[in-house]
Amino acid sequence: MAKITAREEMAQGTIILNEIEAPRISRKAKPGQFVILQADEKGERVPLTMADTNPEKGTITIIYMVVGKSTARFRDLNVGDEYFALIGPLGKPTHIEKVGKVVCVGGGTGIAVLHPITRALKDAGNEVTTILGSRTYDLLIMEEKMRAASHTLHICTDDGSHGHHGFVTNVLKDILEKEKIDLVVAIGPIPMMKFCSLITKEKNVPTFVSLNPIMVDGTGMCGCCRVSVGGTTKFACVDGPEFDGHKVDFDELAKRLASYLEDEKKSLEAYKKSNA
Amino acid sequence: MAENKEKVPRVKMPEQDPDVRRRNFEEVPLGLTPEMAIKEASRCLQCKKPACVEGCPVSVDIPGFISKIFSNDFSGAISKLWERNALPAVCGRVCPQEAQCEGRCIVGKKDAPVAIGYLERFAADYERKKGTGEVPAVAAKTGKKVAVIGSGPSGLTVAGDLLLKGHEVTIFEAFHKAGGVLVYGIPEFRLPKEIVASEVAALEKMGAKIETNFVVGASVTIDELFAEGYDAVYIGVGAGLPRFMNLPGENLIGIYSANEYLTRTNLMKGYLFPEYDTPIARGKNVVVLGAGNVAMDSARTAMRLGAESVKVVYRRSREEMPARTEELHHAEEEKIEFVLLTNPTQFFGDANGRLTGMECLKMELGEPDASGRRRPVPVEGSEFRIDCDLVVVSVGSNANPLLTNSTPDIALTRWGNIIGDPVTGKTSKRGVWAGGDIVTGAATVILAMGAGRAAANSMHDYLTLGW
Ligand SMILES: Cc1cc2nc3c(=O)[nH]c(=O)nc-3n(C[C@H](O)[C@H](O)[C@H](O)COP(=O)(O)OP(=O)(O)OC[C@H]3O[C@@H](n4cnc5c(N)ncnc54)[C@H](O)[C@@H]3O)c2cc1C
Ligand SMILES: Cc1cc2nc3c(=O)[nH]c(=O)nc-3n(C[C@H](O)[C@H](O)[C@H](O)COP(=O)(O)OP(=O)(O)OC[C@H]3O[C@@H](n4cnc5c(N)ncnc54)[C@H](O)[C@@H]3O)c2cc1C
Ligand code: SF4
Ligand code: SF4
Ligand code: FES
C-alpha cells in the first residue's frame, strides 16, 4: 500500500512528482481535495493536494515543493518505496459549475493544485483563461498540461525569461478591464492569492483561493488549521481548503505559517547532516 | 482476611519524586509490589452486598478479584477482572475511582477506602509482565463481518467481545496508531503507550484486523462498508471537535486546543523533537484554560516540556474542578499554580502574531445554574493581565461531524451527538450501533467501554438472531 509507482523531478529538482498506489482514494477523490502523508513513523503528517487521480490504475499523483525536512524526506523516496501513511481524500471538493468565463491563476506548486480544478471547470463548459507565474521560466511547472486544460494560457515570469515580464496580477488586471469575468480561481503563494483577491474585489468578481495552513490530523479534531474568513474562525481541513478570497485574512495565515520557523530550520539541518 | 482490617492503613503508591518527574515523561506512580498488593487486599471486608460494585459502571466483581490477590492467585485476579472489564490496566490508572468504586467502598466510611484502582492496575500489570500472554480462545466462526469505526476504549471493547463470539472484526482508525484518546490524548506519564499497544496486539492475536489511516466518512462511507459485505457497524469515534472560547486574539501563534497540544506531544511524540519530526511549542509561561482531566494533562505536559510557570485558569472554585482527585494532587505537587474564579476575556500578541499575554476578569459565585453548581459571575472592573507565551484551551469538546455528515440517515441530537439506545446502543440506522463519547459527549474511559460491551451483546443478537 501507498507504494510509489512513478517519480519525476520538475523545476530543476525543486519540485517532485510522485504517483502513488491508492486504489480507494483514487476512486473517491474529487478536484480540490487533499491527502496527508507520512514518510515513516517518526515523520510529520504532511498535507498535499492531489494533482491528479487515475481510478483505473488505482493511483493518485502529488506534486510538492521541497521546502523543509518532511518534503526533503519525501524527495529521498524512490519508485517502489512506500509511504508509511497515506490518508484521504480530505477536505471539501471544489464546487464545479458552469458559470461562463473563468480565469484561473496559478503560481509555484499552486499550479499542481490548480490543474484538476481547471480541467473540471473546462469540462463543465466554462471558457477558461489561465495565467501561470514563476520567478523564472526554468521553475515553471506543468505548462503543457495547463495549456490542454484551458482555452487560453498566459505565462508570466518575474525576470522576463518567458512570456509577460512581471506578475500574474498585471495580466489578471488587464483581463478584468477588458472582459466581464464570472469567476476567478487563484492558487499559489499567499501574496499572490492576496493581491489577486484585492484586484477582483474591486471589480466584484467572485474569487476562491485554496489555503495551506499548518495541519495535524486533517479531520477537524485539532484546530491547528484555523483561518479567519469573514471574521469567523474556520478549520481549513474540513471547512476548506477553498474559501472566498475576498473574506480571507491572508496576513494572519502568513503569520501562522511561521509558527515553527526555528524548529523547522533545526529539523532540516539535522536531516541534511545525517544524510551527508 | 476479615480480621484486623481497619488496622492496616491504605497502601501508599510509590511515586516518582515530584521535582524529578515534573521534567520527564515517565510514569508517575510506580505500581505496587506483590507484598503491598496482598496487604492492601487484606483491607477488603469481602462484603456480601458490595457497595463498591454498584459504583463501578461495568460492575467488576471487586471483592472477587481482590480475594484472588489476597490469596496470591494473581492470574485468578486478572481472569475475574476480564469477565467485566477488557482494559483493567487502563481503568486502574484512569478511572475516577473516588466518584465510582472507591467512593462507595464501605471501609471508606471511617477510614480511607480500599485502593481498588491500584489493585486492579497491579493485577493487570502483573499479568502483562509475568503472564503467559495467551489470549482467550474465540468461539467458532459465525461467518459474520463487523466494522468497528474508531479504536478508542469503546471500539476496542466491541471488537474484543465480538471476536470472542466468533465474528470477524475490522477496526477502522483515522490515525496511524490504534487506541483513541488513550494514545493521542492521555500522556505517557499517566498511561504508558506500551500498555495500550499490548492491548491492541492482543486483539490482533485474537484475529482483529486493524485498518489505520482510514477515515470513515472520507475514505469510505458506512453504506459502502455494508456494500463491501459488512453485516453490522459500530461507531465509536469519540468527541473529537475542540471547543474554543471565541475571544479576540484566539488565533495568535501559541494558542492551542488541548487536542492539538496533546496530539502533537503524545501521538506525534513532539516531546522527542527533533528525533521525531513534529514540533511542539515549549512555552516559558503557560496558561491552561479549564480544570478537567484534559486541562491537568495539558498543564503537566507543559511543565515537562520545560515551562518556568504553568497556571491553570478556571472560572469556578476549587470544589467544582472536574479532574480526578489524584490528577489535581499530582499537578499541585508538580508546582502547577491554580488561578481560580478567573475568566479570560482577550489575548494579546506582538507584531508577528505571537501570543504575549491575556486579559482576565475575576469572578464570584452567584446562584446555582442548571448543573446545580453556583454560576460564576464577573466582578466589574476586576480586569488584570497575565503574561504568557503559550495557552492551551481545554474547555471541552463536541462531536466531530465528519462521519455523521456522510451518513445523514443516522439521527443526531441538537449538538450533533449520535442518538444511541441507552441500553443497546442501537442507532436509527439499521445495522448500526454507536457508543462512547460520540453518544454521551466527552465522558470517561469506563463508560465508553461499558457502552461498547452493551452494544456488542446487542450486535451479537442481531448477527445471530436478527434485529
Ligand atoms: C491542504 C493543503 C494542501 C497542500 N498542497 C500542497 C501541494 O500540493 N504541493 C506543495 O508543494 N505543498 C502543498 N501544501 C504545503 C505543504 O503541506 C507544506 O509545504 C509542507 O508541509 C512542508 O513541510 P516540510 O517539513 O517540508 O517543511 P517545513 O520546514 O516543516 O515547513 C516549511 C513551511 O511549510 C509550512 N508547513 C509546515 N508544516 C506544515 C504542515 N504540517 N501543514 C501545512 N504546512 C506546513 C510552513 O509554512 C512552513 O514554514 C499544502 C498544504 C495544505 C494545508
Ligand atoms: C486528555 C484526556 C484525558 C482524559 N483523562 C481521562 C481519565 O483520566 N479518566 C477517564 O475515565 N477518562 C478520561 N478522558 C476521557 C476518555 O478518554 C474518553 O471518554 C474516552 O476515550 C472515550 O472513548 P471512545 O472510545 O468513545 O472515543 P476515543 O477514545 O475518542 O476514540 C475515538 C477514535 O476514533 C477515531 N476516529 C474518529 N473519527 C473517525 C472516523 N471518521 N473514522 C475512523 N476513525 C475515527 C479517533 O481517531 C479515535 O482514535 C480523557 C480524555 C482526554 C482527551
Ligand atoms: S473499572 Fe473503574 S470503576 Fe470499575 S472497579 Fe475498576 S477502577 Fe473501579
Ligand atoms: S465495599 Fe470495599 S470492603 Fe466491601 S467488598 Fe467492596 S472494596 Fe471490599
Ligand atoms: S488539521 Fe486539525 S483541525 Fe484541521
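**Interface, helix packing and backbone**

Reply: Between chain B and chain A there are five salt bridges, a salt bridge being a side-chain nitrogen of Lys or Arg within 4 Å of a carboxyl oxygen of Asp or Glu. The model is predicted, so local features need pLDDT of at least 70 and side-chain atom pairs count only at pLDDT 80 or more, while totals for chains, interfaces and linings use all residues. Residues are numbered from 1 along each chain as its sequence is written, chains are lettered from A and ligands numbered from 1 in the order in which they are written, and side-chain values use heavy atoms, with hydrogens and water left out.

Me: Which side chains meet in a salt bridge at 2.8 Å, N to O, between chain B and chain A?

Reply: Those of Glu224(B) and Lys28(A).

Me: How much area do chain B and chain A bury between them?

Reply: The size of an interface is often given as the accessible area lost when the parts come together. Here the two chains bury about 3,500 Å², 52% of it on carbon and sulfur atoms; this is the accessible area (1.4 Å probe) that two parts lose on being put together, summed over both. In chain B, Asn213(B), Asn251(B) and Asp277(B) lose the most area to chain A, together 19% of what that side buries. Contact (heavy atoms within 4.5 Å) joins 44 residues of chain B to 38 residues of chain A.

Me: Where do the partners of the salt bridge between Asp19(B) and Lys335(B) lie in the chain?

Reply: This pair also meets at 2.8 Å, N to O. Asp19(B) is in helix α1 (residues 18–21) of chain B, and Lys335(B) is in the loop between α15 (325–333) and β9 (337–339), 316 residues apart. Helices (H or I, at least four residues) and strands (E, at least two) are DSSP runs, numbered from the N terminus. Over all chains, the structure holds 49 salt bridges.

Me: At what angle do helix α6 and helix α8 of chain A pack?

Reply: Axes are lines fitted to C-alpha atoms, for helices over the stretch in contact, and angles run from 0 to 180 degrees between N-to-C directions. Angles under 35 degrees count as roughly parallel, over 145 as roughly antiparallel, 65 to 115 as roughly perpendicular and the rest as oblique. For α6 (residues 190–202) and α8 (residues 250–257) of chain A, the angle is about 175 degrees, with the axes 10 Å apart. The helices α6(A) and α8(A) are therefore roughly antiparallel. Ile190(A), Met193(A), Lys194(A) and Ser197(A) of α6(A) meet Phe250(A), Asp251(A), Leu253(A), Ala254(A) and Leu257(A) of α8(A).

Me: How do helix α5 and helix α8 of chain B cross?

Reply: Their axes, for residues 74–84 and residues 116–130, come within 9 Å and cross at roughly 110 degrees. Therefore α5(B) and α8(B) are roughly perpendicular to each other.

Me: Which peptide bonds are cis?

Reply: Most residues other than glycine have a negative phi, and most peptide bonds are trans. The bond from Gly88(A) to Pro89(A) is cis, with omega near -5 degrees, and Pro89(A) lies in strand β6 (residues 85–90) of chain A. The bond from Phe273(B) to Pro274(B) is also cis, with omega near 5 degrees.

Me: What is the phi of Ser59(B)?

Reply: Ser59(B) has a positive phi of about 50 degrees, although it is not a glycine.
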